[in-house]
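Trainee: I have a model open and would like to learn how to read it. Could you take me through its features one at a time?

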Amino acid sequence: MTTAALPSGIERATDRIGSTARPYSNPYLAGIGLGLVLLAAFVVMGRGLGASGAFASAAAAASVTAAPDVARESEFFARYLSPRGKPQLDWLLVELIGVTLGGFVSALLAGRLRRAVERGPRITDAARLRLAFGGGTIMGLGALLARGCTSGQALTGGALLSVGSWLFIGAAFAAAYATAPLLRRAWT
Amino acid sequence: MPLFEYGFFGAGSALLVALAVGFAFGWFLERSGMGSANKLAGQFYLRDLTVFKVMFSAIVTAMLGVFWLGWSGALDISRIYVPETFIAPQLVGGVIFGVGFAIAGLCPGTSCVSAATGRIDGLAVILGMFAGILLTGLAFSRLAVFYESTSRGVFTLPELLGVSYGLVVLGIVVLAVAGFHGAGWIESRTNRNA
Amino acid sequence: MRNAERSRRVHRILAAIALGLGSLAVVAGSPRRETNARIDVEQLARIVESEDDHVTALELAEWIKEGRPNLRIVDVRDSASYESYHLPRAERIALRELSTARFGKSETIVLYSDGGAHAAQGWVFLRALGFERVYFLRGGVLEWLDEVMNPVVSEAIADSAKADRAAEISRYFGGVPRSSASVPADATPVRRRGC
């Protein structure tokens, strides 16, 4: 699947395989939509979002089920477990389930559901999947240290003007741009 | 407002809210193509700066919303949980996260959208993230000191810069709008040369 | 390229709105609610000296028993302490949440803690925020337990009416009065290290 960027900023999603995929919406309008959703979270719940937090509570639950003694030792997981060491149904986890559903329905209605491996033309599916897994693992470490990811720190903390969140944004973008040249083979 | 803080509804309804908020979030992410690793990666090769446009229009929208709802008294912003600042872990964590992001092409939220639309690489990123957090969580005792270091508590840009909240808001809006303008220009240059 | 034109126009409008709202923000003032807290030391000192700042456990017990209107009893301790024991009809509000808690100006607020110190500090905070009908429980939970729930009711006391009243109040709250015969004369009450 390739995307062609037109100077005015309108993106078109063209699918070589030939299904009728609708073009992506205006990024600014979508961004405003996201911002309003985040604002709604602030207004209704008094808190923002945070995908990596959901992963953390899932990991806490998994570790408790698989290796309870080790899990209880970890001060990090302790936060996500009840006082008696049981996994709790976390707001962020339910929110992330919602994200998955929302993404699915949007793609379904736009004809963009497709089983595929997205990658650049120069690497294989297998290599791409290995990079995806590895990159994910690294992001896990980074998100844990920074106490968040793009939704938790960048969007939520950014909108609330938290210094640490803006530092995170700067550091993450800079590091990504610095790493990208080494990965040209994967994407271009 | 925030309604939950004032006890307007309980924990069960809060989870319904979570589902609804998440659904809308996932919807807009997918609509703008943020569920596509190829598209996200385009940001780092300057051919498709949608990530920047989406992220910063979201930040600006929420930021302006918080300011004006707070100013009007409709929202008590002191009741909103602001993430605390830990300078070193967030800088280092940010760098590590950025590296992982460039490699994976998706972030935690967008990986779920990607997987939901059938992309297997999205699933791989989810599994990787899960593994990464699990392993780091288990080895946490070695990181605990660093993790808790350089804490500044709730520390906002107006406090850091010693200026008013409104001035920071304007500053970010100006930077964002200038960035959007620049983004369009960069994209056309990159794609003309491609 | 009409689509491009239209979207350029939309973008320009959005940018203008954002810049407009941002510019207004500079002159609009603070988005935070103003919490004006002022401590008038002289006034507060006078109230403290006239003992109008606190209530004794027995006084509070009478207020609860009489059904004093608009009475709010606030436990400023941590949730574990609150869960393990709290005064009847007490609600838990941590000290730092006092500034954002909603109290009516006509309500009578009684703060309490384990020994009274934290509650006394909370008293200063609420008075600084402008609330006038604020008191703290002098000896805290410890005094409540000692004088209301399990008071020593001396059989040989000169003022037997007072002893009867103490016993009656104790039973009202489900406590158990102790007779002085069962308490050794030199017994000192065990004071937990609490605030």
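This is a predicted model: local features need pLDDT of at least 70, side-chain atom pairs count only at pLDDT 80 or more; totals for chains, interfaces and linings use all residues.

Trainee: How many helices and strands does chain A have?

Mentor: Helices (H or I, at least four residues) and strands (E, at least two) are DSSP runs, numbered from the N terminus. Chain A has 9 helices and 2 strands, and its order from the N terminus is β-β-α-α-α-α-α-α-α-α-α.

Trainee: What share of chain A is buried?

Mentor: A residue is buried if 20 or more other C-beta atoms lie within 10 Å of its own, exposed if 12 or fewer, and partly exposed in between, with C-beta atoms placed from the backbone. In chain A, 58% of the 188 residues are buried.

Trainee: How should I read a pair of packed helices?

Mentor: Two packed helices are described by the angle between their axes and the distance between the axes. Axes are lines fitted to C-alpha atoms, for helices over the stretch in contact, and angles run from 0 to 180 degrees between N-to-C directions. Take helix α2 (residues 51-66) and helix α5 (residues 91-110) of chain A: they pack at about 115°, with axes 8 Å apart. α2(A) is therefore roughly perpendicular to α5(A). Angles under 35 degrees count as roughly parallel, over 145 as roughly antiparallel, 65 to 115 as roughly perpendicular and the rest as oblique.

Trainee: Which residues of α2(A) and α5(A) make the contact?

Mentor: Two residues are in contact if their C-beta atoms, placed from the backbone, lie within 7 Å. Here α2(A) contributes A:Ala51, A:Gly53, A:Ala54, A:Ser57 and A:Ala58, and α5(A) contributes A:Leu92, A:Leu93, A:Glu95 and A:Leu96. By class, these are 6 nonpolar, 2 polar and 1 charged. Ala, Val, Leu, Ile, Met, Phe, Trp, Tyr, Cys and Pro count as nonpolar, Asp, Glu, Lys and Arg as charged, and the others, Gly among them, as polar.

Trainee: At what angle do α7 and α8 of chain A pack?

Mentor: Helix α7 (residues 150-159) and helix α8 (residues 163-179) of chain A pack at about 135°, with axes 8 Å apart. So α7(A) is oblique to α8(A). Their contact includes A:Gly157 and A:Gly158 of α7(A), and A:Trp166 and A:Phe168 of α8(A). It has 4 nonpolar, 5 polar and no charged residues.

Trainee: In what order do the strands of the open sheet in chain C lie?

Mentor: Strands of a sheet pair through backbone hydrogen bonds, either parallel or antiparallel. In chain C, 5 strands form an open sheet in the order β1-β5-β4-β2-β3, with parallel pairing. Its edge strands, β1 (54-55) and β3 (90-92), each pair on one side only. Two strands pair if DSSP finds at least two bridges between them; β4 (residues 108-112) and β5 (residues 134-137) of chain C are joined by 3. C:Ile109, for example, has C:Val134 as its bridge partner in β5(C).

Trainee: What else belongs in the picture of chain C?

Mentor: Chain C has 7 helices and 7 strands, and 25% of its 195 residues are buried.

Trainee: How many residues do chains C and B bring to their contact?

Mentor: Chain C brings 14 residues and chain B brings 20. The chain C side divides into 8 nonpolar, 4 polar and 2 charged residues.

Note on methods
Residues are numbered from 1 along each chain as its sequence is written. Chains are lettered from A and ligands numbered from 1 in the order in which they are written.
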